[in-house]
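Biologist: I am new to this structure and would like to learn how to read it. Could you walk me through a few of its features?

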Amino acid sequence: MVTIIDYGAGNVFSVQTAIRRLNEEVIISSDPSVILEAERVIFPGVGQAAAAMRQLREKGLDKIIPELKVPVLGICLGMQLMCTFSEEGDTTGLGIFPLAVKRIGQGKKIPHMGWNRIFGLHSDLFRRVGEMEWGYFVHSYYIPCNAYQIATCDYDGEFCAAVRKDNFWGCQFHPEKSSGTGELILRNFLML
């Protein structure tokens, strides 16, 4: 059973649909006791970092998420909130990854939206995914390249497309919107 964290930040229903297409049971919940009983957790997000962190704190999820021992997949804002800090609203994150989220620089179209290639893949999350496959991105903030990086993207300069630390994984792109490649990534997550 997969539990999708519902904290008022976007794309929970598209993630739910993608998981159901894989014939996996899935529930959406903001109840800490339900999330603590999950076999796998997806932490999605579309929205603004400071507002999302307020929602997590109000629901007590800011204390629960970092303590999870099952596989956790953060998607887009969900991945960014697992970091220590985001420039978006000067937001303190969950601190799972000791990384800072930066605003995409001047001179680049913001948001970075649409299909872009992912490469430098090294994790079971990307098993059977070829180098230079396409992922779907929608973001104005990013994580610079770092020691936890398991995939890379280039948007007028390389940045971190995915991270991993212990039982926590994160994707800046949206697997649930990334066609066959995204479906394979989600299937791999279900097997971790």
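Biologist: What should I know before we start?

Modeller: This is a predicted model, in which local features need pLDDT of at least 70, side-chain atom pairs count only at pLDDT 80 or more, and totals for chains, interfaces and linings use all residues. Residues are numbered from 1 along each chain as its sequence is written, and side-chain values use heavy atoms, with hydrogens and water left out.

Biologist: Let us take helix H6. What are the ends of helix H6 doing, and how far apart are its end C-alpha atoms?

Modeller: First, the naming: helices (H or I, at least four residues) and strands (E, at least two) are DSSP runs, numbered from the N terminus. The expected span of a helix is 1.5 Å times one less than its number of residues. Helix H6 has 13 residues, 179–191, and should therefore span 18 Å; its end C-alpha atoms are 19 Å apart, which agrees.

Biologist: Which residues of H6 are buried?

Modeller: Buried means under 20% relative accessible area, exposed means over 50%, and partly exposed is in between (1.4 Å probe, protein chains only). In H6 the buried residues are Thr 181, Gly 182, Leu 184, Ile 185, Leu 186, Asn 188, Phe 189 and Leu 190. As a general idea, an α-helix has 3.6 residues a turn, so residues three or four places apart point the same way.

Biologist: What covers those buried residues of H6?

Modeller: The cover includes helix H1 (12–21) and several strands, among them S1 (2–5), S3 (40–43), S4 (72–75), S8 (112–119) and S9 (133–139). Contact means heavy atoms within 4.5 Å. Leaving aside neighbours within four places in sequence, Thr 181 is in contact with Val 129, Glu 133 and Trp 134.

Biologist: Now the cysteines. How many disulfides are there?

Modeller: In general, a disulfide is a covalent bond between the sulfur atoms of two cysteines. Here it is taken as a pair of cysteine sulfur atoms within 2.5 Å. A search of the whole structure finds zero. Cys 83 is in none, and the nearest cysteine sulfur, in Cys 160, is 8.0 Å away. For Cys 171, the closest cysteine sulfur is also that of Cys 160, at 9.4 Å, which is too far for a bond.

Biologist: Is Cys 83 buried or exposed?

Modeller: Cys 83 is buried, as its relative accessible area is 1%. Cys 171 is buried too, at 0%. Cys 83 lies in strand S5 (residues 83–86).

Biologist: What volume does the largest pocket have?

Modeller: On a 1 Å grid over the protein atoms alone, a pocket is an open set of points where a 1.4 Å probe fits, with protein on both sides within 12 Å along at least five of seven lines; lining residues have an atom within 4 Å of a point. Grid points are joined across faces, edges and corners, and the volume is the space filled by probe spheres set on the points. The largest pocket has a volume of about 180 Å³. Of its 13 lining residues, the closest to its centre are Val 46, Gly 47, Cys 76, Val 138 and His 139. Helix H5 (77–81) and S9 are the elements that give two or more residues to the lining.
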